[in-house]
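Here are my notes on this model, as numbered points. Please read them with the coordinates open.

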Amino acid sequence: FMKRLVIGISGASGAILGIRILEELKNFSDIETHLVITKGGEITVKAETAYSVDEVKNLANIVYSVDDLSAQIASGSFETLGMIIAPCSMKTLAAIANGYSENLLLRAADVTLKENRPLILLTRETPLSKVHIKNMLTAKDAGATLLPPMLTFYNKPQTIDDMIDHIVGKTLLHFNLRAKNFKVYKEQ
């Protein structure tokens, strides 16, 4: 039985986070990845990384069009481990917090919440406005986990890759998956 995990990439800065999560999940032979990228996410992939959108899509087992509201991940009867949105823009957060499911990424997040599955949001914005904070609280109250990709120093990062690896590792722990380059605090 393959365990399915839905990965969303929205238009916030930090597309590399979603990409690295997809790369890391390739190390788990029993995990099947289902990817949806927003149009803003595609723009960010091109602007911030050396990856093409097609290269990112090739990292996933199954890829959906953001406009395909009939896709299997739009249904609660399609069993998944949950969903990660990395990065999660404030626009995406606002839509999730308020049940506005205008595209497949938002509908899949809505389904994840209604089915009481883990929804991990790597929210990206700084500084935060009061509206952002209210939307975060609303999403949290609905069952989402907010995991802003914050800098950590106890793992003594030497490179940006070290910082990305840490965030990827913290994210995957929510699904009991141990990323190969992740160092937990007590192992320092």
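1. Start with Asp165, which is found in helix H7. The model is a predicted one, and the points below should be read that way. Is Asp165 buried or exposed? Its relative accessible area is 15%. The cut-off for buried is under 20%, so Asp165 counts as buried.

2. What does the side chain of Asp165 meet? The side chain of Arg20 joins it through a polar contact of 2.3 Å. Setting aside neighbours within four places in sequence, Asp165 is in contact with Arg20, Asn181 and Phe182.

3. Turn to strand S2, residues 31-37. The strand is mostly covered, with seven of its seven residues buried. Ile31, Thr33, Leu35 and Ile37 point one way from S2. Glu32, His34 and Val36 point the other way, and these too are buried. In a regular strand, side chains alternate between the two faces of the sheet.

4. Which strands pair with S2? Strand S1 (residues 3-9) runs parallel to S2 and is joined to it by seven bridges. Leu5 stands opposite Thr33 of S2 in this pairing. Strand S3 (residues 62-64) also pairs with S2 in the parallel sense, over three bridges. There, Val36 stands opposite Tyr64 of S3.

5. S1, helix H1 (residues 15-25) and S2 together make a β-α-β unit, and the unit is right-handed.

6. Next, the packing. In soluble globular proteins, nonpolar side chains tend to be buried together. Here the largest nonpolar core has 32 residues. Which of them touch the most other members? They are Ile21, Leu25, Ile84 and Leu122. At least two residues of this core come from each of S1, H1, S2, helix H3 (53-58), strand S4 (82-88), strand S5 (119-123) and helix H7 (160-173). H1 gives the largest share, six residues.

7. Finally, Leu122. Which residues is Leu122 in contact with, leaving aside its neighbours within four places in sequence? Among them are Leu17 and Ile21. Ile84, Ile85, Ala86, Pro87 and Cys88 are also in contact with Leu122.

Methods: Residues are numbered from 1 along each chain as its sequence is written. This is a predicted model: local features need pLDDT of at least 70, side-chain atom pairs count only at pLDDT 80 or more; totals for chains, interfaces and linings use all residues. Side-chain values use heavy atoms; hydrogens and water are left out. Buried means under 20% relative accessible area, exposed over 50%, partly exposed in between (1.4 Å probe, protein chains only). Helices (H or I, at least four residues) and strands (E, at least two) are DSSP runs, numbered from the N terminus. Two strands pair if DSSP finds at least two bridges between them. A crossover is right-handed if, with the strands pointing away from the viewer, the path from the first strand over the helix to the second runs clockwise. A nonpolar core is a set of buried Ala, Val, Leu, Ile, Met, Phe, Trp, Tyr and Cys residues joined through side-chain atoms within 4.5 Å. Contact means heavy atoms within 4.5 Å. A polar contact is a pair of N or O atoms within 3.5 Å; within protein, one must be able to donate a hydrogen and the other to accept it, and residues adjacent in sequence count only if both atoms are side-chain atoms.
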